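Please read the following walk through one protein chain with its sequence and its 3D structure open beside the text.

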Amino acid sequence: MRKPRKMTAEETAPYIWELPPDLYGRWGDPTKAADAPPVEMTPIDWPQLFGNANPVEIEVGFGKGLFLITSATAHPERNYFGIEIVRKYQLYAATRIAGRRMPNVKTSCADAKLVLDRFVPPGSVSVVHVFFPDPWWKTRHKKRLLFTPEFAALVHRVLIPGGRLHFVTDVQDYFEWVTGTLVATPGFRPLPPPQESAPTHDLDYLTNFERKFRQQGLPIYRSLYEKV
Ligand SMILES: C[S@@+](CC[C@H](N)C(=O)[O-])C[C@H]1O[C@@H](n2cnc3c(N)ncnc32)[C@H](O)[C@@H]1O
């Protein structure tokens with residue numbers, strides 16, 4: 001991907017959803033936010049945020065934003081909300097999105113668990129995408145693991161009936177763990193996952209990580225679940 005040109009805060013602002021400032025003030029580091037005490041928070045009003053009532057898809061951990069950009073370009077009739085815990089990636093993606101003036105994409109910088117738990121209205125999202133989450137191999141990092149039973153329950157809560165969870169990883173153990181977690185979470189049923197197709201250009205991949213692993217010839221594990 002080419003380096004996007006620098007943009008001002010005013011130019012990127014329409015593509016950024018910020019945690020309420022008092023939350024940042026209180027908790028500072030968004031990686032710590034999930035442990036914060038409960039406070040009164042206003043749920044996101046999707047039609048107000050996007051200016052229309054189109055279906056909303058969420059991508060958790062969007063990294064450099066390839067999926068958000070390609071999907072939102074292909075589907076202007078859908079809205080995309082990305083949650084990324086690392087500010088520099090959020091700003092990188094927001095800059096690229098601002099450069100393309102994509103009104104159907106918003107990005108946020110926060111722990112996805114916090115946003116799903118406290119800001120996303122229940123039964124309001126048509127798809128949650130989770131692509132190549134960090135496996136966090138070391139025992140001392142295990143608490144950073146994204147896909148826990150609590151996370152599965154949060155995803156279930158925010159999906160509309162018939163809404164979908166789309167999960168992709170290069171790590172077989174992680175895939176099996178997520179499969180087991182979802183089997184144990186009431187209210188999900190597996191569907192056939194989307195198939196891989198041969199790329200037609202250099203960026204014709206689901207995400208940057210998919211591109212890297214497929215170019216290395218590594219296996220990719222895909223799954224799709226429906227909320228029943
Ligand atoms: C391995 S990278 C994959 C990036 C992208 N999905 C891709 O496939 O190219 C995982 C991403 O998830 C983000 N992430 C990790 N934990 C997160 C959390 N709790 N909430 C939101 N984003 C998170 C990381 O900062 C990183 O950008």
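This is a predicted model: local features need pLDDT of at least 70, side-chain atom pairs count only at pLDDT 80 or more; totals for chains, interfaces and linings use all residues.

Trp17, Trp46, Phe50, Phe81 and Phe119 are joined by ring pairs into a cluster. How many aromatic pairs does the structure hold? The count is 13.

One of these pairs is made by Phe67 and Phe131. Their ring centres are 4.9 Å apart, and the planes stand at 75 degrees to each other, an edge-to-face arrangement. This pair links distant parts of the chain, since Phe67 belongs to helix H4 (residues 66–74) and Phe131 to strand S5, 64 residues apart. Are these two residues buried or exposed? Phe67 is buried, and Phe131 is buried too.

Phe188 and Tyr225 give another example. The planes of their rings are at 75 degrees and the centres are 6.4 Å apart, so this pair is edge-to-face. The angle is what decides the label, because planes over 60 degrees apart count as edge-to-face. Here too, distant parts of the chain are linked: Phe188 sits in strand S7 (residues 188–191) and Tyr225 in strand S8 (residues 221–227), 37 residues apart. Phe188 and Tyr225 are both buried.

Charged side chains come next. The structure has 10 salt bridges. One of them is between Arg87 and Glu18, whose closest N and O atoms are 3.3 Å apart. Arg87 lies in helix H5, while Glu18 lies in the loop between strand S1 (16–17) and helix H2 (21–27). The two residues are 69 residues apart, and the pair links distant parts of the chain. Arg87 has a relative accessible area of 29% and is therefore partly exposed. Glu18 is partly exposed as well, with a value of 39%.

A further salt bridge joins Arg214 to Glu196, with 3.6 Å between the closest N and O atoms. Arg214 is in helix H9 (residues 208–215) and Glu196 is in the loop between S7 and H9, so the pair ties together parts that are 18 residues apart in sequence. Glu196 is partly exposed, at 42% relative accessibility. Arg214 has a relative accessible area of 19% and counts as buried, because the limit for buried is under 20%.

Arg214 also meets the side chain of Glu210 in a salt bridge, at 3.4 Å from N to O. Where do these two residues stand in helix H9? They are 4 residues apart, which means that about one helical turn separates Arg214 from Glu210. Glu210 is buried, with a relative accessible area of 2%. Glu196, Glu210 and Arg214 belong, together with Arg222, to a network of salt bridges.

The surface also has patches. Which residues form the positive one? Lys138, Arg140, Lys143 and Arg144 do. Of this group, Lys143 is placed in the loop between strand S5 (125–131) and helix H7 (149–158). Its relative accessible area is 78%, so Lys143 is exposed.

A nonpolar patch is formed on the surface by Ile85, Val86 and Tyr89, which together have about 200 Å² of accessible area. Ile85 is in the loop between strand S3 (79–84) and helix H5 (87–99). The relative accessible area of Ile85 is 32%, so this residue is partly exposed.

The last stop is the backbone. Arg101 is not a glycine, and its phi is positive, near 45 degrees. Arg101 is located in the loop between H5 and strand S4 (105–109). With 67% relative accessibility, Arg101 is exposed. Phe132 is another residue other than glycine with a positive phi, in this case near 55 degrees. The loop between S5 and H7 contains Phe132. Is Phe132 buried or exposed? Phe132 has a relative accessible area of 8%, so the residue is buried.

Terms used. Residues are numbered from 1 along each chain as its sequence is written. Side-chain values use heavy atoms; hydrogens and water are left out. Patches are made of residues with over 30% relative accessible area and no salt bridge: like charges are joined within 9 Å, nonpolar side chains (Val, Leu, Ile, Met, Phe, Trp, Tyr) within 5 Å. Accessible areas come from the Shrake-Rupley method with a 1.4 Å probe; for residues, only the protein chains shown count as cover. A salt bridge is a side-chain nitrogen of Lys or Arg within 4 Å of a carboxyl oxygen of Asp or Glu. Buried means under 20% relative accessible area, exposed over 50%, partly exposed in between (1.4 Å probe, protein chains only). Lys and Arg count as positive and Asp and Glu as negative; His and the chain ends are not counted. The place of a charge is taken as NZ of Lys, CZ of Arg, CG of Asp or CD of Glu. Rings of Phe, Tyr and Trp (its six-membered ring) pair if their centres lie within 6.5 Å; planes under 30 degrees apart count as stacked, over 60 as edge-to-face and the rest as tilted.
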